[in-house]
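This briefing goes with the sequence and the model displayed below. Please look at both before reading the points.

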Amino acid sequence: MKFAWKKILPIGAAIIMVLLLIAWGWTGLGTASFVRTTLSGLTLGSLFFMVAAGLTLIFGLMDVLNFAHGAMFMLGAYMGWQFYTNPTFIFGISPLIFAFASGLMLLPLIKPALIRWEINSKLQQNLPRIAYALALLMIFFAFNQLDIMGLADTAMVAITTTTADNPLAELSAQEPLLRFWVRPALMLVSGALIAFATAKPGDKTEFAVAEKTTQKWIIVAALFVATVLLTAFREALPETVLLMNGNLRFFLAMIVAVLFGLVFGGIIEITLIRPLYQRATFIVLMTLGLSFVIREVVQVLWDPLAYQMVRPPFFAQPGKAETVLEWFRNGNSTLNIFGVTFPTYRLFIIALGLVMFIFITLLMTRTRLGMIIRAGVQDPEMVEALGINVRQVFTFVFALGIAMAALGGIGAAPFIPVQPLMGDQFQMQGFITVVLGGMGSYVGAFIGALTLGLARAFGDYFALKLSLSPAIAEASTVIIMIIVLLIRPSGLFGKKE
Amino acid sequence: MPEPTSTKKISFRKIIRRESGFLVLTVLLGLFPFVMNLITGSGLNDGITKYWQGQLIAFFIMAVLAMSYDLLIGYAGILSFGHAAFFGGGAYTMALLLTHWGPTFASRYRITIPGGTDITTLIIFIASLLASAVVALLIGALFSATSARLKGAYFAMLTLALAEAIHILAKATDFVQWTGADEGLHGVPIPAWLNPTQFRLRFYFIALAFLVISYFVIRRFTNSPTGRVIVATRENEDRMRMIGYNPATYRTITFLTASLFAGLAGAMYSLWNMSATPSMTSAVTTVNMLIMVILGGMGTLIGPIIGAGLMQTLSQFLYNFFGARWPLVFGLIFIFIVLFFPYGIVGTWRLKQPDLKAGWERFRRLLGSKPPEQQ
């Protein structure tokens with residue numbers, strides 16, 4: 001029973017404190033400003049949670065402080081926004097990516113045969129190098145002169161000139177399909193070459209078994225079919241997407257951001273983070289460098305400008321809805337809540353954060369994977385000793401964390417300007433949230449995010465009242481964190497050292 | 001505290017031999033303006049010679065900053081992300097005092113030495129410098145006091161957040177008449193005899209002296225018994241605690257030393273730029289320091305100096321080559337270094353030195369010259 005008390009006590013204390021604060025705030029501020037400030041705080045808290053949830057899981061499981069999380073948030077916003085306004089870029093580049101992945105997925109299939117290959121040691125050393133060089137050359141030719149630069153122009157054009165018969169306001173015609181086929185083909189071969197090189201042909205020290213071959217062949221075949229379809233319909237698909245209902249398109253944009261985050265996170269974990277698990281400090285440095293690079297790449301592709309994403313029609317109709325039903329029928333941009341006019345899109349962000357929290361809770365408490373993750377947070381070595389491939393779980397959790405950040409990014413995109421530095425502030429607040437809630441605890445991240453969001457909102461309100469700048473409210477979050485850390489050095493819900 | 005076991009006297013000659021590389025570098029840098037003047041004939045305080053002196057001054061100051069950071073992450077193994085707070089704290093103290101306190105003081109009092117020379121500006125300058133050091137030390141004390149119980153990631157995050165708080169205060173519009181908020185302080189009225197545009201050569205030697213003195217003081221610190229304890233704590237904290245050392249004390253000492261030098265570097269930087277801007281306190285500054293240290297090699301002291309120089313030249317070179325998007329290339333280089341040369345330039349050099357020596361001998365034998373005399 002003592003154990004249970006320890007768990008319940010902080011939650012109970014927090015609830016009582018929150019209730020007291022609500023009562024005090026309600027009487028002190030008056031209904032209107034109290035409701036408005038609370039809702040603003042919840043919106044912010046929801047966004048903080050989307051960043052912090054991934055951070056806390058990644059840290060709890062594998063001790064990785066991911067400094068590139070804000071950059072991922074930003075990338076998710078860019079991807080979703082690009083899909084929403086003009087998906088030509090995404091559909092133009094996806095055949096290449098899918099072809100590459102299809103080639104790469106051959107790795108587990110060819111490895112068992114390749115490592116048994118009898119070749120002399122010199123060839124064994126040089127063959128992978130040649131293959132890598134060839135693959136890089138092919139990637140270069142595949143992307144050479146591909147019309148992907150100047151996204152800043154195309155993205156802005158499409159949304160303003162969309163008409164019923166021609167939604168794509170492309171002035172120059174796209175590359176003829178016959179010539180375009182060469183690019184995915186090159187990418188396919190280069191992916192296969194890299195698979196060949198990573199398989200280390202002729203290396204007797206390697207070990208691989210051919211198992212679940214059919215399943216793996218199906219993955220390769222599926223990726224290949226996807227490549228072919230995407231290449232064939234690469235001009236028709238963007239048009240279809242742009243002619244869709246705006247709400248559906250926004251929903252699809254969120255899915256694109258999540259998928260992108262999953263894939264990108266997985267790739268980063270496997271290629272960049274995994275070699276460094278032995279040197280924890282260097283992972284931090286690596287993610288720092290990565291955030292640097294991502295930010296610059298985004299500025300190369302989209303120009304260093306700030307964009308304003310158009311809200312989906314469900315939140316865009318001018319005029320105030322008096323009831324929730326009216327909003328659902330008309331899609332108003334503002335809603336009347338206890339006499340306060342509040343933007344409906346911010347309510348959506350709050351809902352998105354809640355949905356994400358419920359999703360994580362279900363994942364962590366109701367699935368086998370969640371069980372493994374929770375066990376891994378406690379003791380990764382023990383989990384590995386039980387015969388579970390922890391490395392695979394690491395990759396999945398990293399990808400999941402990035403995907404959540406990306407979803408947060410596209411969720412925030414219609415609300416804040418889409419620009420290369422948009423993630424940094426959220427990353428900072430995300431870190432504070434994670435430290436506040438205790439690293440590795442998603443419940444802690446949730447509570448911490450709510451606390452911080454509300455502190456920011458009320459801090460802003462009081463700063464305005466006392467004619468201080470909002471910067472003081474920003475600094476107040478740091479003070480909250482310091483106080484919590486002085487009392488509980490491992491955060492509110494963190495495990496004790 | 002137990003007495004250090006080795007009381008062997010280190011002779012002056014020994015120090016010279018051990019630090020020969022650094023001393024040669026110092027002499028070369030000291031001769032640089034004159035040699036440059038001889039070659040280009042542009043005058044000591046003019047043209048290209050002046051430009052390169054400026055580049056080197058920035059390098060000297062950044063080198064001290066990188067060294068102070070190396071003290072933390074290299075020697076003590078503390079991953080702190082708040083170093084910009086010390087740097088910015090020093091810079092702001094200097095700039096604020098010179099802007100708001102200096103003129104009023106000079107208008108009220110006049111201090112002369114018996115010979116009749118006016119030393120008011122000198123007094124103001126020294127007082128501001130001391131104040132910068134004190135402020136940096138106070139910030140360092142604040143950092144180590146709040147983070148005394150924390151470890152690892154919590155510690156890193158707390159330092160990051162504290163530095164962010166100081167950054168926010170530097171940017172806050174509430175103190176705009178003092179700090180200039182987002183704009184920062186510009187055109188700081190620094191003493192006329194120190195003006196880096198008028199007396200570039202003088203400032204050059206002051207900055208060089210600053211680097212040399214800092215290097216030897218930090219070197220002395222790391223070689224002292226205290227420094228040994230700090231390194232040992234990095235290697236095994238529990239064991240040091242068992243022997244009877246308190247790691248928290250030594251962490252505080254390291255923090256204070258590092259913050260002192262970072263603060264002085266900040267003060268120098270604000271003198272050199274005649275400004276103090278919020279970007280000096282931002283996380284980007286810390287990341288730049290980190291890159292310098294990683295580039296040169298952690299825990300080597302000479303490495304961060306090289307790293308600072310490389311960063312300075314590389315950023316110039318890459319900017320000329322790739323335009324505004326040069327950080328992209330720089331970031332790729334950084335990732336490459338982290339993945340493949342985690343010990344930096346000096347660290348990798350020290351690791352590979354035996355190999356390189358053997359290779360050099362083989363090369364000489366190949367050329368048919370005399371084999372090295374064997375004793």
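How many helices and strands does the secondary structure of chain B come to? Chain B has 15 helices and 2 strands, where helices (H or I, at least four residues) and strands (E, at least two) are DSSP runs numbered from the N terminus. The model is predicted, and local features need pLDDT of at least 70, side-chain atom pairs pLDDT 80 or more, while totals for chains, interfaces and linings use all residues. Residues are numbered from 1 along each chain as its sequence is written, chains are lettered from A in the order in which they are written, and side-chain values use heavy atoms, without hydrogens and water.

**Overall form of chain B**
- The radius of gyration of chain B is 23 Å, close to the 21 Å from the globule rule for 375 residues, so chain B is as compact as a globular protein of that length; the radius is taken over C-alpha atoms, and the rule is 2.2 Å times the number of residues to the power 0.38.
- Of the 375 residues of chain B, 50% are buried (under 20% relative accessible area, 1.4 Å probe, protein chains only).

**Nonpolar cores**
- A nonpolar core is a set of buried Ala, Val, Leu, Ile, Met, Phe, Trp, Tyr and Cys residues joined through side-chain atoms within 4.5 Å.
- The largest core has 225 residues, and L65(A) and F81(B) have the most contacts inside it.
- Helix α3 (residues 47–75) of chain B gives the most to this core, with 17 residues.
- A second, separate core of 6 residues includes A99(A) and M187(A).

**Contacts**
- Leaving aside neighbours within four places in sequence, F81(B) is in contact (heavy atoms within 4.5 Å) with residues including F67(A), V284(A) and Y69(B).
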